[in-house]
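Here is a short tour of how the chains of this model meet, and of how one of them is built. Please keep the structure open as you read.

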Amino acid sequence: MENLNGYLIVSAILFSIGTIGVLTRKNAIVIFMCIELMLNAVNLTFVALSRYLGNLDGQIFVFFIMTVAAAEAAVGLALIIAFFNNKETIDVDDINLMKW
Amino acid sequence: METLFFLIITLVAIVSAILVITFKNPINSALSLIMTFFCLATYYVMLDAPFMAAVQVMVYAGAIMVLMVFTIMLLNIRVDASKKHSHKIFLGSIIGFITFFNLAYILFKSRAAAPTGPYSVDMIKQIGHTELIGKEMFTNFLLPFEITSILLLVAIVGAVILAKKKI
Amino acid sequence: MFDNVWLIPLLPFIGFLINGLFGKKIKNETVIGGIAAAMVLGSFIVSSMTLINLLSLPSEERLAEVKIFTWITSGTFNADAAFLIDPLSCIMIMVVSGVGFLIHVYSIGYMHGEEGYYRYFSYLNLFTFSMLLLVLGNNLLLMFVGWEGVGLCSYLLIGYYFHKKSACDAGKKAFVMNRIGDFGFLLGIFTLYWYLGSSHNVWTIRFTELANNSHLLPTGGIVTVITLCFFLGATGKSAQIPLYTWLPDAMEGPTPVSALIHAATMVTAGVYMIARMNFLFIRSPETLTVIAVIGACTALFAATIGTAQNDIKRVLAYSTVSQLGYMFLAMGVGAFGAGIFHLMTHAFFKACLFLGSGAVIHSMHGALHHAHSHDDAQDMRNMGGLKSKMPLTFITFLLATIAISGIPGFSGFFSKDEILWQAFSNPHHGSLNYLLWGMGALAAGLTAFYMFRLVFMTFFGECRITPKAKDHLHESPMVIVLPLIVLAGLSVAGGFIGVPKLIGDVIGGIPNYFENFLEPVFKYSAEYMAQHGAHSGVHSHALEWGLMGGSVLIALIGITIAYSLYVANKGIPARFVAAFPGLHRAVYNKWYIDELYDYTIVNPCKAFSQFLWKGFDVIVIDGAVNGVAKTVMGFSGVFRLMQSGLISNYAWSMAFGVVVMLSYFILK
């Protein structure tokens with residue numbers, strides 16, 4: 001497959017953008033979306049390499065990652081709602097109860 | 001032709017990904033993210049994995065993003081202009097760039113030399129991608145597949161308990 | 001054949017568990033004592049069956065090892081929980097379970113109404129278990145487990161009246177002194193194991209294998225070191241010079257305990273251990289000399305102290321030390337069979353004496369209690385004339401006293417005379433033999449003297465307690481008297497299973513059953529002596545008869561002196577004391593050995609411990625510990641600042657760490 005490098009570069013770019021988002025944004029939901037973006041970047045690598053190697057294991061793995069992502073989304077968003085109910089905000093800088 | 005198509009899709013994916021992290025309003029970010037997910041689904045189609053593309057659209061663009069948008073609406077966060085939405089952008093970008101170069105280098109370096117697996121493009125086209133995935137999933141990966149059901153159950157219970165009014 | 005052997009130690013252990021765990025709830029004294037005694041009776045029955053089975057075999061096949069389970073396996077080291085059945089262990093289990101059972105029965109009556117009745121019986125059962133384990137164990141390590149177990153039980157039972165400070169101190173003293181001995185025992189095990197393994201590649205601690213490989217051992221040299229280590233262990237457990245001072249103090253425990261542990265069984269463990277490893281000891285003439293000399297010295301030395309004590313139990317305690325000295329004398333002259341024989345007869349008559357003294361004390365205590373008198377119930381000066389008040393106790397006590405004094409026809413005579421003759425005629429010590437015999441014979445005379453002094457002071461003459469208390473003196477209940485009668489019978493008749501050959505030939509060809517029975521156990525030392533026997537001692541029937549007559553004469557002289565001093569002319573002892581006040585004070589105070597130990601060993605130890613506590617411990621150890629804590633606190637004060645509690649900070653550190661690691665792997 002001639003275009004593998006292209007897919008890999010796109011995947012790396014998307015992953016880096018996700019990282020930047022996680023590090024710089026303060027809104028918990030946006031950070032959450034950035035994490036999903038990073039997961040998807042990895043998925044793209046998996047599928048591309050799976051196709052290139054003629055081996056379906058990578059795609060099966062993507063399937064499991066999606067399952068985990070779905071579970072994570074459900075629980076994570078529930079956590080955000082619970083936090084919002086208590087503090088009226090989802091700014092991560094206000095989540096500081098872990099200190100002491 | 002295909003290269004051109006790939007470049008267009010790539011442009012859309014990267015721009016919408018950048019928009020995800022730059023929009024002030026989370027709902028806009030969410031919509032951009034859906035755009036990125038569609039681009040990824042397109043990539044999957046181009047990679048002869050139509051089943052993955054379908055799942056991508058259904059699970060990510062459909063289920064997960066709907067959940068997010070619902071949450072955003074439910075919380076009804078007011079966009080407060082006076083408050084900064086992001087910080088340390090410069091430092092974050094540096095780390096992001098270094099990450100990119102690291103990843104690119106590693107992905108190029110560690111790439112396998114030649115196709116090794118049994119599933120050639122012709123075979124996938126002849127038998128069908130979904131059937132092959134299904135066979136693989138329900139034979140070699142049966143136990144992990146069953147375990148994911150437990151994972152989802154736990155997630156459901158956890159989400160219900162956490163999202164209740166009082167915890 | 002010996003399938004049931006495991007029951008022998010197990011039954012008392014079950015009794016221990018029942019009484020130890022549920023005794024407080026059972027409350028009923030008869031049930032508690034009944035369970036304990038029944039368990040020991042069970043062991044006795046199984047032991048008897050084992051003995052009968054053993055007797056049915058031809059004498060060269062009387063050796064069996066019954067493996068219960070694999071205990072420790074580590075490389076070349078192997079120790080099983082296995083029991084060794086041979087004539088020696090068989091005699092020991094018969095003595096331990098038999099005498100033990102009688103003393104359990106006696107205790108039911110004696111301990112009546114005591115606080116912690118169940119505690120007493122659970123300890124007593126635990127003791128029986130440990131002692132049986134000690135004598136049955138087929139390897140040194142299992143023996144050591146029993147060895148430590150009996151030491152623990154001894155400590156617990158000496159300190160039974162733990163609210164009394166003297167009892168606690170006595171318990172501690174016994175424990176510490178035993179530890180010194182145990183240390184020697186352990187060193188002996190290690191050295192033996194290491195030596196046989198490293199130089200002959202025989203890695204074993206099993207008695208049978210050790211015996212089979214004993215020809216690999218040299219004469220003297222390393223064997224002397226090993227045997228001296230073992231002998232140090234024996235001096236601690238069996239109260240020999242220099243570690244004997246704990247035994248008289250151990251009389252703080254209840255009297256049946258003194259009878260069982262500190263007279264009949266536990267203190268003889270050292271003798272048993274030497275007999276069990278006779279093949280080892282015979283190879284070191286130096287050690288044999290040391291053992292013989294220490295045995296004879298202890299026999300004589302303790303006998304002198306016994307002549308001046310007024311506490312009835314202390315007299316018996318010193319008598320025990322003295323008799324143990326006899327057994328070690330027998331071991332030291334290579335007369336292992338005679339030593340074990342004396343061990344057995346001693347168990348009979350000394351248990352009888354202790355139990356009899358217990359009955360007297362019990363009765364005295366009750367009478368004094370009724371009369372609201374605070375006189376010492378154990379002081380013989382308060383007794384006297386008990387003959388008519390307690391006739392059965394008196395008769396049994398008298399029989400046992402005659403036995404211990406070595407009057408012909410009684411058990412003590414046969415065993416003691418055998419030892420004295422062997423001391424005189426053995427081939428090991430050359431001209432030292434005469435000295436050994438002399439000391440032994442003198443000690444025998446002293447024994448007869450102080451034992452009859454005890455009898456005369458206690459049972460004869462007029463009663464010296466207040467008349468009010470006198471009316472309350474009475475014979476003990478049957479549960480106490482019955483064991484006395486049985487033991488007195490054994491003291492009288494027990495000697496006839498081991499009649500010396502000389503006498504046996506005269507009175508109708510009775511063979512020495514006991515020696516013949518034990519012969520296979522000592523065959524390795526017999527072989528060794530046959531090979532190395534330089535000159536085979538003195539053997540003359542006339543001489544043997546003469547020496548026998550001599551020792552009997554000495555005993556009779558002792559009895560006569562006691563009679564004349566304490567019954568006929570009562571003024572003489574007082575005048576004697578007045579004439580030699582220094583000598584009497586020295587003897588009365590046990591030659592000041594306790595004080596000597598205090599000044600030379602105990603006090604320097606205490607001072608050194610004080611230094612270690614106040615100087616070393618407080619400054620160095622505590623300083624180090626607190627210093628470590630302070631350092632950690634200081635660092636944590638700095639590191640705490642890293643934990644800001646803000647999620648973005650953690651995300652930043654994580655991303656930064658990942659980037660650094662990836663970069664490192666790429667640039668490497």
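Let's start where chain A touches chain B: 59 residues from chain A and 72 residues from chain B take part in the contact, where two residues are in contact if their C-beta atoms, placed from the backbone, lie within 7 Å. On the chain A side, the elements that give two or more residues are the helices H1 (4–24), H2 (28–53) and H3 (57–87). H3(A) contributes the most, with 21 residues.

This is a predicted model, in which local features need pLDDT of at least 70 and side-chain atom pairs count only at pLDDT 80 or more, while totals for chains, interfaces and linings use all residues. Residues are numbered from 1 along each chain as its sequence is written, and chains are lettered from A and ligands numbered from 1 in the order in which they are written.

Chain C also meets chain B, with six residues on each side.

Now to chain A itself. Its pattern along the sequence is α-α-α, with three helices and zero strands; helices (H or I, at least four residues) and strands (E, at least two) are DSSP runs, numbered from the N terminus. Of its 100 residues, 56% are buried, meaning that 20 or more other C-beta atoms, placed from the backbone, lie within 10 Å of the residue's own.

Methods:
Buried ≥ 20, exposed ≤ 12 C-beta atoms within 10 Å, placed from the backbone.
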